[in-house]
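Here is a walk through a protein and its DNA, written for someone who would rather look at the model than at a table. Keep the viewer open as you read.

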Amino acid sequence: MKLGYVKMENRLKENPQKKIEKIQECPECSSEHVSKDYHRGELLCENCGLVIDDQYIDDGPEWRAFDAKQKEKRSRTGAPMNYLSHDKGLSTQISWKNKDAYGRTIPHKNRGQIYRVRKWHRRIRVSNATERNLATALRELDRLSSKMGLPRSIRETAAMIYRKAVEKNLIRGRSIETVIASSLYAGCRKCDVPRTLTEISNVAQADEKQIGRAYRFLSRELQLKLLPTKPENYLKRFCSKLDLDRNVVNKGENIIEQANKLGLTSGKGPTGIAAAAIYISSILEGDPRTQRAIAEVAGVTEVTIRNRYKEIAEEIGITIET
DNA sequence: AAGACGAAAGTGGTTGA
DNA sequence: TCAACAACTTTCGTCTT
C-alpha cells in the first residue's frame, strides 16, 4: 500500500498544487482577471491571455451563465446530467409493454415496427466499446460505493474521473476493476473524505498494490492535483467507528492542529497521525481505547501509533499517566 | 492475561547519481 | 539502473497493571 509520504515542503516545491488552487492573480501581469475556461479546460488570464493551467478538470455544470437571470433559465428542470450512468442519464427509455404513451394497446399491425425500434434502441444505447466499458465500470462503481456507504457526490466525482480516463485511453492494459477502484479512491480524496487504499481494496476486485499503481498513473496522467490527505479528515470517521464521542474528536483535532504547527506531521502517514491523536485524546477525555483497537480501525500497527503519539505527546507537553 | 513497550529485521516505494 | 533512504510493518521478548 502506501503511496509514499513526501515532505510537504518538497511536494509543494516540485508541484505547486496549492498555488494553482488558490491562484487569484496572473503570475505574468498580476491582473486579477483569472478565469476558468470550462469549454477548453483551461485556467487563463483574461488580461494577457496567459494559460496558467491547461489541465483544469471541469467540475462545474455543463452550461455557463453570465448573470442570475440566465442561471435561472439554464438550470433546467428534470434530471441533471448524471455521470453515474454511462449515457449520462439522458437516454430515452422505451417500455417493453406494448402500450403507447396514452396506455392504449398498440395494434398488431404495428407491433413489428415497435420491436424493430426497440432492438435498434438497445443496440444504439450501448453502441461502441467505450460505452460498453463505461456501463460495466459504472455498475462496479455502484457496487463498491454502496458497499462502502459513500454518498452520491463522491460516486459522481469518481465517475467523472473514470470518464476522463476512458477518454484519454488510459484503461488499456489495466483492468476495469482496478481503474474504477482507483478512481473511487481519487474521488474520495477530492471530496475530502479519504478512504485508505486498504479499505477500498477490501471491497474491490483488485489488490491494493494494483489499485495504488493505477491511482498514481491516473493522477499523473489526468493531473488530478490532489494534496496529500490530511489526518483531520480521518479523525471523525475513526472516532465514530470506535464509538468515541464528540469531545474526543474535538480534542483530537486540537492535537493534530498543534502537531501541525510544530511540524510533526510533515512526511508522516496521515492515518498514523490520526490514530495517535485519537489515542491521546481518548485517554485525556477519560474514555481510553487500546492501541490495538485504534490500530485496527485506522489500518496501522500499534508500533506506529506508539511512535507517533510519543513524538506528539513529548512536543506538545502532554504527559500521560496511567 | 491483557495491554503497552521497544528493538531489530523486513517491505515497497521514492530519490538522486 | 541501482543504492541509499524514510516511513511503516512484522515479529517477538519483556515489562506493567
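How many of the 15 residues of helix 12 are buried? The count is 13 of the 15, so helix 12 is largely enclosed by the rest of the structure. Buried here means under 20% relative accessible area, exposed means over 50%, and partly exposed is in between (1.4 Å probe, protein chains only).

## Ground rules

This is a predicted model, so local features need pLDDT of at least 70 and side-chain atom pairs count only at pLDDT 80 or more, while totals for chains, interfaces and linings use all residues. Residues are numbered from 1 along each chain as its sequence is written, chains are lettered from A and ligands numbered from 1 in the order in which they are written, and side-chain values use heavy atoms, with hydrogens and water left out.

## The overall build

Chain A has 14 helices and 3 strands. Helices (H or I, at least four residues) and strands (E, at least two) are DSSP runs, numbered from the N terminus. Of the 322 residues in chain A, 40% are buried.

Now for how the chain meets itself. Take contacts (heavy atoms within 4.5 Å) with a separation of 6 or more: in chain A, 60% of them are between residues 24 or more positions apart.

## Helix 12 and what follows

Back to helix 12, which covers residues 270–284. From its first C-alpha to its last it reaches 21 Å, close to the 21 Å expected at 1.5 Å a residue; that expected span is 1.5 Å times one less than the number of residues. Just after helix 12, glycine 286 takes a positive phi of about 75 degrees.

Arginine 289 sits in the loop between helix 12 and helix 13. Its side chain reaches the backbone oxygen of leucine 242 at 3.0 Å. That is a polar contact: a pair of N or O atoms within 3.5 Å, where within protein one must be able to donate a hydrogen and the other to accept it, and residues adjacent in sequence count only if both atoms are side-chain atoms. Leaving out residues up to four places away in sequence, arginine 289 touches Leu242, Asp243, Leu244, Tyr279, Ser282 and Ile294.

## DNA strand B

Among the atoms of DNA strand B that come within 4 Å of the protein, 71% belong to sugar and phosphate.

Arginine 306 has a polar side-chain atom 2.9 Å from a base nitrogen of DNA strand B. Helix 9 (208–221), helix 13 (291–298) and helix 14 (302–316) are the elements that give two or more residues to this surface, and helix 14 supplies the largest share, 3 residues. By class, the surface has 2 nonpolar, 2 polar and 6 charged residues. For these classes, Ala, Val, Leu, Ile, Met, Phe, Trp, Tyr, Cys and Pro count as nonpolar, Asp, Glu, Lys and Arg as charged, and the others, Gly among them, as polar.

## DNA strand C

Around DNA strand C you'll find Gly267, Lys268, Gly269, Gly299, Val300, Thr301, Val303, Thr304 and Arg308. Sugar and phosphate make up 79% of the atoms of DNA strand C that come within 4 Å of the protein. By class, this surface has 2 nonpolar, 5 polar and 2 charged residues.

Threonine 301 has a polar side-chain atom 3.1 Å from a phosphate oxygen of DNA strand C, and an N or O atom in the side chain of arginine 308 is 2.3 Å from a phosphate oxygen of DNA strand C.

## Loops and cysteines

Asparagine 169 is not a glycine, yet it has a positive phi of about 60 degrees. It lies in the loop between helix 6 (152–167) and helix 7 (176–190) and is exposed, at 53% relative accessibility. Aspartate 192, also not a glycine, has a positive phi of about 65 degrees; it lies in the loop between helix 7 and helix 8 (197–203) and is partly exposed at 44%.

With a disulfide taken as a pair of cysteine sulfur atoms within 2.5 Å, the count is 0. For cysteine 188, the nearest cysteine sulfur is that of cysteine 191, 7.3 Å away. Cysteine 188 is buried, with a relative accessible area of 0%, and cysteine 239 is buried at 0% too.

Note on methods. A residue is near a molecule or strand if one of its heavy atoms lies within 4 Å of it.
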